[in-house]
Amino acid sequence: MAYDAGWTACTPYNDVTLDEVRDLVQDAIFSRGPKGVKRTGIFVGGRDTHLAMEMMQAAKKSMVPPFEVSLFADPSGAFTTAAGMVACVERELKKANQGGLGEKKVVVFGGTGPVGSTAAMLADNAGAEAVIVSHKSLAKAQSIVDLCNQRYGSSLSGADGSNDASVIALVAEADVVFNAATEGVQVLNSSHLQKAGKLKVACDANAVPPEGIEGVGVMDDGVPISGSPSGAIGIGALAVGNVKYQTQHILLKRMYETGSPEFLDFNHAFEVAREYVG
């Protein structure tokens, strides 16, 4: 992705721990001088969104002006994927004169994972009432909710999605449904959706059969869901994936084109995704 965006050399560092960030950053910035350092950027990957954010802060604190470089965190592409999901849903709500995500009930299946929890926080920031659902237990959902609320000032809530009765109760009250669960797992079937009388948009990030949300195809981008009692529309994984790709591409280019260091996280990804989808 960095090469696609125009970077000429990319050096990976694997299995980096938080306490190694300071030395790695300072080795990179002090060796090149104030002018050379402007041609350097740091991308934080991994699979843990919270650790990635901690590493971003540690890297930022390790810099001494004028030895500063841009930072971009996108662990497993979770930040840009979540940004794409929320931006696409917000666009469709506005197209239908629903006023965006403000005061909407948003239910996130697979919400305990990196994509789901980030999507929930972005929806919350956009004014929605966001609920993180765990297919294991309420306690699991609540543990992620507490972490997000404490660290990022969100106001998320948690819910149990371990049985059909719980899932039906959740979708019955939902204006928007996100699926960010493990690939190849169907979290909502047609019988669940028949109970979703308020549903306006369903967004599925799963590109591996079966559909994560039955009736939402991977190519769908604002396509009506067959049989939906509320006339809900669907957004599929490839539609989200295109916005995710473009968002990451734009941010990676921005790292070296900007005249001053930038520190880019999921909030910046959402700003770019919003602008891209128009």
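Me: In this predicted model, are F79 and F266 buried or exposed?
Reply: The model is predicted, and in it F79 and F266 share one description of their accessibility. Since a residue counts as buried when its relative accessible area is under 20%, that cut-off applies to F79 and to F266, and both are buried.

Me: How are the planes of the rings of F79 and F266 set, and what is the pair called?
Reply: The ring centres of F79 and F266 lie 5.2 Å apart, with the planes at 70°. The pair links distant parts of the chain, with F79 in helix α4 (residues 78-95) and F266 in helix α10 (residues 266-277), 187 residues apart. Planes over 60 degrees apart count as edge-to-face, so the pair of F79 and F266, with its planes at 70°, is edge-to-face.

Me: Which residue forms one aromatic cluster with F79 and F266?
Reply: F79 and F266 are both buried, and they belong to one aromatic cluster.

Me: Is W7 buried or exposed?
Reply: The cut-off for a buried residue is a relative accessible area under 20%. W7 has a relative accessible area of 13%, and W7 is therefore buried.

Me: Which strands stand at the edges of the open sheet of 3 strands?
Reply: The strand order of this open sheet is β1-β2-β10, with parallel pairing. Strand β2 (residues 70-73) pairs with β10 over 2 bridges, and F72 has L264 in β10 as its bridge partner. Because each edge strand has a single partner strand, one side of each is left without a neighbour in the sheet, and these strands are β1 (41-44) and β10 (263-264).

Definitions and conventions
Residues numbered from 1 in each chain as written. Predicted model: local features only at pLDDT ≥ 70, side-chain atom pairs only at ≥ 80, totals over all residues. Heavy atoms only, no water. Buried < 20%, exposed > 50% of the residue type's maximum accessible area, 1.4 Å probe, protein only. Phe/Tyr/Trp six-rings, centres within 6.5 Å; stacked < 30°, edge-to-face > 60°. Helix = DSSP H or I, 4+ residues; strand = E, 2+ residues; numbered from the N terminus. Pairing = 2+ DSSP bridges.
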